[in-house]
Protein chains: 2
Amino acid sequence: MPDQVRRGLNGVLVAESELSKIDGDAGRLSYRGYPIAELAERATFEETLYLLWNGSLPTRAELDPFSRELCSLRPIDAAVVQTLERLAQRDEDPMAALRTAVSMLSAGDPERDLVPTDSETIRRTGRRLTAKLPTVLAAYDRLRREEKPVEPSEELGHAANFLYMLTGTEPDEVAAETFDTALTLHADHGLNASTFTAMTVASTHADLYSAVTAGIGALSGPLHGGANQDVMEALLEVDESGDEPVEWTRSALDEGRRIPGWGHRVYSVKDPRAEILEARSDALAQSMGESRWCEYTRAIETYLTDEKGLVEQGIAPNVDFYSGSVYYQLGIPIDLYTPIFAMSRVGGWVAHVDEYLEDNRLIRPRSRYVGPDSRSVVPVEERSDSV
Amino acid sequence: MPDQVRRGLNGVLVAESELSKIDGDAGRLSYRGYPIAELAERATFEETLYLLWNGSLPTRAELDPFSRELCSLRPIDAAVVQTLERLAQRDEDPMAALRTAVSMLSAGDPERDLVPTDSETIRRTGRRLTAKLPTVLAAYDRLRREEKPVEPSEELGHAANFLYMLTGTEPDEVAAETFDTALTLHADHGLNASTFTAMTVASTHADLYSAVTAGIGALSGPLHGGANQDVMEALLEVDESGDEPVEWTRSALDEGRRIPGWGHRVYSVKDPRAEILEARSDALAQSMGESRWCEYTRAIETYLTDEKGLVEQGIAPNVDFYSGSVYYQLGIPIDLYTPIFAMSRVGGWVAHVDEYLEDNRLIRPRSRYVGPDSRSVVPVEERSDSV
């Protein structure tokens with residue numbers, strides 16, 4: 001069927017990739033062959049970035065200079081902070097503020113005149129962007145609270161440094177590790193809409209700032225990146241209602257509402273990332289002495305699985321169903337959940353752009369014309385009111 | 001071949017559309033059934049926008065309030081001008097400055113909390129964006145020349161107002177009409193990379209600022225929007241060389257250079273937009289008493305067609321081959337040619353987003369995994385140096 005319209009491009013293969021492998025029926029995800037659970041357990045986000053960008057996990061001798069470089073690239077220009085201040089005065093949505101500030105970062109790139117499609121340049125620009133995104137985001141959150149941005153640490157890892165810049169206090173080990181894991185889990189996931197957007201932009205030989213800014217725009221859509229925020233809002237609603245979570249869920253379904261964090265275009269079983277975050281959420285609850293959010297989440301999952309049979313129908317908990325409560329327990333404001341997703345996924349965007357440009361082909365599909373036949377332009381004064 | 005990789009999505013149909021119809025073999029282009037040559041001749045850019053967004057050409061009673069609304073939406077926030085100033089201090093590329101400023105416009109949208117996927121909201125936001133893009137661009141050009149931005153006119157049409165804001169002087173009729181025609185010709189062209197990018201972003205239910213910012217990013221790539229700039233640089237090179245244009249072209253080809261402005265993914269014959277701009281370029285040359293650029297262009301075209309047989313091979317002049325010299329004759333700085341393309345194409349981006357969201361399906365293709373088989377994560381201290 002060469003002329004079939006492939007709306008949504010569902011199932012259309014647009015590239016070959018050595019990055020993530022997703023088995024939606026078995027609930028398996030790996031990056032460059034490494035199962036996501038092992039990476040979450042035994043590697044940091046920095047190691048995962050190195051893996052995605054370079055093809056193999058780093059040795060200690062490779063990791064240290066890589067981490068030091070990322071660390072040195074964290075600071076952002078005063079001009080970007082000033083723009084963030086203006087946006088904070090307007091109470092701009094953090095995801096939109098991130099989009100604007102990331103776009104603005106190109107002006108401060110000392111190498112912005114290099115050919116942006118060379119693999120070395122893509123990776124170096126990728127390291128710059130990945131290093132600076134947390135700084136932008138933490139600065140914006142503080143500015144809108146009328147607090148002074150915290151300078152990035154020169155010691156802490158990527159995950160811990162973000163929590164430090166956000167709060168002004170170094171996070172404890174459980175918090176830092178949990179957040180690091182969350183970043184690792186979100187770093188890549190095949191050709192999702194934002195990754196595909198970044199690739200499409202880069203396929204025109206636009207620079208990486210254009211590709212990543214576009215990726216942030218795509219991720220800002222509620223059908224892509226917004227669901228963990230919805231999950232947390234639902235959990236807060238359960239809490240405020242005073243109802244049992246199962247009662248609340250039953251009423252919500254009766255009102256025709258969708259329970260957020262369930263179902264995925266690719267997974268027909270429970271998302272492997274959700275499994276990992278579930279365990280982390282437990283550990284966090286224990287360390288903080290607050291088990292409420294885990295209990296609500298688990299009660300809803302059991303009800304939807306056992307009584308409503310959703311999982312049997314291929315609608316299972318996805319990563320968002322657990323990441324919301326993890327971020328909440330880490331003290332992260334709800335409207336930063338999607339920007340945090342961007343902070344992690346930028347790793348995948350850069351990796352896919354680099355991979356696609358090795359053998360680039362401008363991404364340009366077609367549409368089937370179904371409009372009016374040929375008609376003639378009558379000058380405006382002679383047009384009648386009846387269309 | 002369901003499992004074939006469609007690199008570049010060449011020939012893949014991703015949507016049905018009532019907007020532009022392109023017959024690449026016959027060299028025909030129409031918007032909603034109206035041949036592009038008739039629109040260029042008998043309708044303004046505002047009428048073309050109305051057509052793309054509303055489905056029919058406006059009557060006088062429809063056009064006047066539409067034009068007045070666009071006019072009233074031209075001013076931009078002081079905060080955006082301040083950011084443009086910062087970017088000018090860094091000598092940022094105008095296309096990157098446009099990307100950042102357009103992203104920033106969302107903060108000033110009084111209706112930014114409306115559901116961004118409602119057709120009325122898309123069109124209203126589209127009118128805002130389309131009205132403000134020229135203001136952003138003209139302000140940026142003046143700021144980098146250390147001149148004060150010119151407030152938008154409340155009288156002039158879209159095309160004339162841009163030239164006025166750029167230069168501070170009202171353009172004459174030939175200049176205004178020529179520029180208006182150029183905007184009409186570039187307003188839509190099927191699912192090119194930037195339009196497809198805007199649709200992909202909007203398919204996540206992201207807002208139109210995200211979609212248009214992403215479209216600008218895609219258009220900034222030299223494989224998409226940058227070629228008219230290359231054409232003009234080539235013509236200036238001809239001029240400076242003192243050689244005959246044919247001589248210059250022959251040497252360039254001998255050196256293995258590509259002549260910019262030739263060949264198109266969709267057209268195998270001369271681009272109909274090039275035909276129209278060729279005539280406008282002549283009129284402009286006559287009105288300005290400077291025929292040099294037309295002569296160079298025509299000489300190169302004749303040589304490549306008759307002696308090199310390029311057109312016979314399906315490589316023909318595209319729209320960029322003529323727009324470059326038209327813009328040059330209008331006194332527009334060369335690095336604004338691609339941003340001007342965005343000023344026009346935003347009309348198509350908005351129309352396609354609106355059309356696709358009527359029956360939205362998240363755009364999410366797949367990749368074929370060709371990476372390593374399953375492997376196990378060894379902790380960093382135990383990894384060997386040999387990869």
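A residue is called buried when its relative accessible area is under 20%. In this predicted model, B:Phe321 has a relative accessibility of 2%, so B:Phe321 counts as buried. B:Trp262, at 4%, counts as buried too.

## Aromatic pairs

Over all chains, the count of aromatic pairs comes to 19. A:Trp53 sits in helix H2 (residues 45-54) of chain A and A:Phe66 in helix H3 (residues 60-72) of chain A, so the pair ties together parts that are 13 residues apart in sequence. Both A:Trp53 and A:Phe66 are buried.

Back to chain B: B:Trp262 and B:Phe321 also make an edge-to-face pair, with 5.5 Å from centre to centre and 75° between the planes. Here distant parts of the chain are linked, since B:Trp262 belongs to the loop between helix H12 (245-254) and helix H13 (272-288) of chain B, while B:Phe321 belongs to helix H15 (residues 319-329) of chain B, 59 residues away. In chain A, one aromatic cluster is formed by A:Phe162, A:Phe179, A:Tyr327 and A:Tyr337.

## The nonpolar core

In soluble globular proteins, nonpolar side chains tend to be buried together. The largest nonpolar core in this model holds 238 residues. Those with the most contacts inside this core are A:Leu84, A:Phe179 and A:Ile332, along with B:Leu84, B:Phe179 and B:Ile332. What does A:Leu84 touch, leaving aside residues up to four places away in sequence? The partners are A:Ile76, A:Ala97, A:Ala101, A:Val136, A:Ala139, A:Tyr140 and A:Leu143.

## Where the chains meet

The contact between the chains takes 109 residues from chain B and 109 residues from chain A. About 10000 Å² is buried between chain B and chain A, with carbon and sulfur atoms giving 53% of this area. Three residues, B:Arg7, B:Leu13 and B:Arg364, supply 9% of the area that chain B buries against chain A, more than any other three residues.

How many salt bridges are there between chain B and chain A? The count is 14. A:Arg368 forms a salt bridge with B:Glu16, and the closest N and O atoms are 3.7 Å apart. Residue pairs in polar contact between chain B and chain A number 75. Helix H10 (residues 208-219) of chain B gives the largest share of the side of chain B that touches chain A, with six residues.

Definitions and conventions:
Residues numbered from 1 in each chain as written. Chains lettered and ligands numbered in written order. Predicted model: local features only at pLDDT ≥ 70, side-chain atom pairs only at ≥ 80, totals over all residues. Heavy atoms only, no water. Core = buried A, V, L, I, M, F, W, Y, C linked by side-chain atoms within 4.5 Å. Buried < 20%, exposed > 50% of the residue type's maximum accessible area, 1.4 Å probe, protein only. Contact = heavy atoms within 4.5 Å. Phe/Tyr/Trp six-rings, centres within 6.5 Å; stacked < 30°, edge-to-face > 60°. Helix = DSSP H or I, 4+ residues; strand = E, 2+ residues; numbered from the N terminus. Buried area = accessible area lost by both parts, 1.4 Å probe. Salt bridge = Lys/Arg side-chain N within 4 Å of Asp/Glu carboxyl O. Polar contact = N/O pair within 3.5 Å; in protein donor to acceptor, adjacent residues only side chain to side chain.
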